[in-house]
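Dear colleague,

Please find below the structure for your review. My notes on it follow.

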Amino acid sequence: MIELSWWMYSIILFIISFILGMFVVMAGVGGGVLYTPLVSGFFPFHLDFVRGTGLFVALAGSIAAGPGLLKRGLADLRLSMPFALVASVFSIIGSFIGLALPSWLVQTLIGVTVITLAIVMTVGKKVEFPETKEPDRLSKTLAIYGFYYDENLRKIVEWRVQRGAQSLLMFAVIGLIAGMFGLGAGWINVPVLSIFMGIPLKIAAGTSKFLISITDSSAAWVYLNNGCVIPLITVPSVLGVMLGSYYGVAIMAKASPKVIRVAVVTILLIGGIRSLLKGLGIWI
Amino acid sequence: MIPNEQYVYAKILHYCSIVTLLLLTLTFVVYVTGAISPYIPPEKLFEFLTYESDEIIKKTEMPIGWEWIGLVGYSDMLLYALLSFLALSTVLCYASILPILVKKKEKVYVIIALLEIIVLLFVSSGILQS
């Protein structure tokens with residue numbers, strides 16, 4: 001086995017994170033979901049540090065993309081705030097559960113979760129404009145609704161929220177998983193916002209990306225305060241993802257959605273299978 | 001078309017992202033080149049990256065939580081300071097929109113913003129330890 005020096009690992013982490021950062025933006029996923037299984041599977045770092053970094057990677061990608069999404073109306077602050085509060089509280093609980101569980105179990109569960117996601121991404125259908133029934137009481141009380149200009153349709157699209165109360169419960173589960181596995185949460189936010197809550201896909205994807213900056217902040221603090229964040233791993237990864245995200249936005253228009261989807265599913269499968277085998281002790 | 005609080009939130013978040021990116025890059029270069037001494041040399045830290053976090057803290061006497069404040073003259077502790085700033089960006093954004101929400105008399109959203117700030121400050125304080 002080739003032994004690399006610390007600075008070689010820093011360079012490799014930066015390059016991998018840069019590439020992941022491009023895909024993250026183009027595929028509309030968080031970042032941690034690609035980073036954590038891949039790096040925990042193939043790098044000789046303890047899972048604690050990879051999960052801590054995974055959260056910072058998702059956080060950094062979200063903070064880099066958030067301002068543009070908010071200014072263009074593709075992410076909605078009013079929609080995010082109540083759900084982010086619930087998710088961030090539960091991400092703290094999830095982080096403590098994750099740190100208390102044995103590493104092999106967490107690694108195995110990450111593998112199972114990521115492989116399931118890859119399958120869902122392959123067979124699942126995306127509904128660009130889901131049908132929304134009457135908004136419920138919570139959505140009315142919080143006045144969660146909005147509209148945006150759709151450049152493809154060249155018209156203003158109005159949106160509102162259904163199943164607001166039940167969605168709070170779903171965001172509690174999302175927060176729990178995000179904190180426990182250090183996966184971020186973009187991969188699960190989008191289907192909940194879109195299919196369950198009836199929000200148009202563009203707003204769901206944008207709001208999901210922005211939401212991560214709030215949800216993962218609280219989980220990231222748990223890992224930071226417990227010595228699970230090592231600058232040697234975290235900083236090149238964060239810089240790679242941020243720069244990759246900026247570059248991804250620039251080349252987004254030219255990229256083929258089908259190619260991006262295949263690439264992301266492939267990365268998920270490689271990382272997921274490797275995590276599962278490592279967790280089960282089959283391929284250490 | 002976009003509410004004022006959303007615009008202000010985006011503006012503050014943008015500043016946070018730019019400041020973090022620039023300072024992290026600069027400080028990491030300083031760290032890897034050794035221009036400013038690190039508290040724990042990277043080659044020493046690297047030897048323990050397969051260990052659990054508890055063990056690495058014991059073996060390297062690595063500071064946790066806010067302990068970096070007393071050691072901020074070291075390059076690796078500066079990196080902790082910047083990562084802490086990154087994780088506190090949301091608090092800055094929420095704090096900056098609070099006056100707007102109060103002025104608009106958005107009582108529910110004022111409460112939600114205050115609760116989020118409290119949650120983040122509480123978890124960042126390090127009172128909760130595993």
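In these notes, a residue is buried if 20 or more other C-beta atoms, placed from the backbone, lie within 10 Å of its own, exposed if 12 or fewer do, and partly exposed in between. This is a predicted model, in which local features need pLDDT of at least 70 and side-chain atom pairs count only at pLDDT 80 or more, while totals for chains, interfaces and linings use all residues. Residues are numbered from 1 along each chain as its sequence is written, and chains are lettered from A and ligands numbered from 1 in the order in which they are written.

Within helix H5 (residues 103-123) of chain A, the buried residues include A:Val106, A:Gln107, A:Ile110 and A:Gly111. Helices (DSSP runs of H or I, at least four residues) are numbered from the N terminus. Among the elements covering the buried residues of H5(A) are H3, H4 and helix H7 (164-181) of chain A.

Turning to the two chains, 51 residues of chain A are in contact with 54 residues of chain B (C-beta atoms, placed from the backbone, within 7 Å). The side of chain A that touches chain B comprises 37 nonpolar, 12 polar and 2 charged residues (Ala, Val, Leu, Ile, Met, Phe, Trp, Tyr, Cys and Pro count as nonpolar, Asp, Glu, Lys and Arg as charged, and the others, Gly among them, as polar).

Yours sincerely

Note on methods: Helix = DSSP H or I, 4+ residues; strand = E, 2+ residues; numbered from the N terminus.
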